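Please keep the sequence and structure in view while reading.

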Amino acid sequence: MGSLWSRLTLRWQAIIAVVMPCLAVAAFSAFYFPQRLNQQAGEALQRQAESVGLLAVSNAAPTMRLIRDGLSAPDDLDTVFKGIRAGGNVERVGALVVSPETTVVREGKKFVEVKEGDQKAQLRGDLAAGLYEVPAGGACAVEQERSMTVRCSAKDQDYEAMVVAVFSLKALREAEQSNTYIGFWVVAAALGLGVLLAFFFSSALAGPMGVVTRVAREVAGGDVTVASIEVSGAEEVTSMATSVNEMLANLRGLVTQMVGLTDRLNGAAQGLISASADQEHVTSQQSAYAQQIAATFEELSRTAEMINA
């Protein structure tokens, strides 16, 4: 991993360093918070349904007892149903009689059996035929599948009643889907913003670094006449540029000194060459004098021989 990271350019390293945290935070926000929001909405809807069910059954139980005693009519339950439907999203609602004649026991659980057209179990309402489990007295039970079914029971003296309301979850599912879409858009927006920020920061960092690198390569190639670096950016980048400029100034000073020393060496060499030429001239003259002296001695030798003869 380290070698792979080191192979990336500084620009790509900056891009990854900026984009990855943005993407991680956006993904967490996009997936966790919508799910949490959907969960809270579902729990709130369930609590609301339970509250409505408890209130409804507490009002329906006395009315149903009066209906049994012939002191009221089933139509009086419509007021209770109207209150339940006022909250909206109610598909079906019904008031069930909990008695030995309307209930069956299966696996230790008590159910009210509703049959089509039978008003003995369903005193009022439009619930579908089937078995409806009776919760403990004064309590509610909630089931969520394609819809949410709330069953609440209550007793009024010797009479036990149960109100069942079926709530549609279509609006909740649409809200959950909307939250999910919003989460995806958040991820896309965060990714786009992260890429823009990454390119901005990488350019702000890689641009000056590229200028410094170019100048360093030209100096390494032997060109110390390059202009001084002028970059703007972070303190570390400007400090590095200042150090390179100081290095260039020192190199220029050294080159100037070397040029001066070279000129002085050239002058000294020219002096040595001139002195060598003068020495050669003197040597030539001395050789000529020596030849003349030798010729003179030879002439004197011949003259002495002629005298002796």
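## Second largest pocket

Strand β4 (residues 122-125) makes the largest contribution to the lining of the second largest pocket, with four residues. The model is predicted. The volume of this second largest pocket is about 180 Å³. Its lining holds 14 residues, and Gly117, Asp118, Gln119, Gln122 and Gly125 are the closest to its centre.

What classes of residue make up the lining of the second largest pocket? There are six nonpolar, four polar and four charged residues.

## Largest pocket

The largest pocket has a volume of about 250 Å³. A set of 16 residues lines it. Nearest its centre lie Tyr132, Glu143, Glu145, Thr149 and Val166.

Which strand gives the most to the lining of the largest pocket? That is β5, with four residues. Strands β5, β6 (140-144) and β7 (147-156) each provide at least two residues of this lining. Sorted by class, the lining of the largest pocket has six charged, six nonpolar and four polar residues.

## Confidence

Across the protein chain, the mean pLDDT is 79. A pLDDT of 70 or more is reached by 88% of the residues.

Where is confidence lowest, and where is it highest? The lowest is in helix α1 (residues 2-7), with a mean of 64. The highest is in strand β5 (residues 130-133), at 92. Strand β5 is also the element that gives the most to the lining of the largest pocket.

Definitions and conventions:
Residues are numbered from 1 along each chain as its sequence is written. This is a predicted model: local features need pLDDT of at least 70, side-chain atom pairs count only at pLDDT 80 or more; totals for chains, interfaces and linings use all residues. Side-chain values use heavy atoms; hydrogens and water are left out. pLDDT is the predictor's confidence in each residue, from 0 to 100. On a 1 Å grid over the protein atoms alone, a cavity is a set of points where a 1.4 Å probe fits but cannot get out, and a pocket is an open set with protein on both sides within 12 Å along at least five of seven lines; lining residues have an atom within 4 Å of a point. Grid points are joined across faces, edges and corners, and a volume is the space filled by probe spheres set on the points. Ala, Val, Leu, Ile, Met, Phe, Trp, Tyr, Cys and Pro count as nonpolar, Asp, Glu, Lys and Arg as charged, and the others, Gly among them, as polar.
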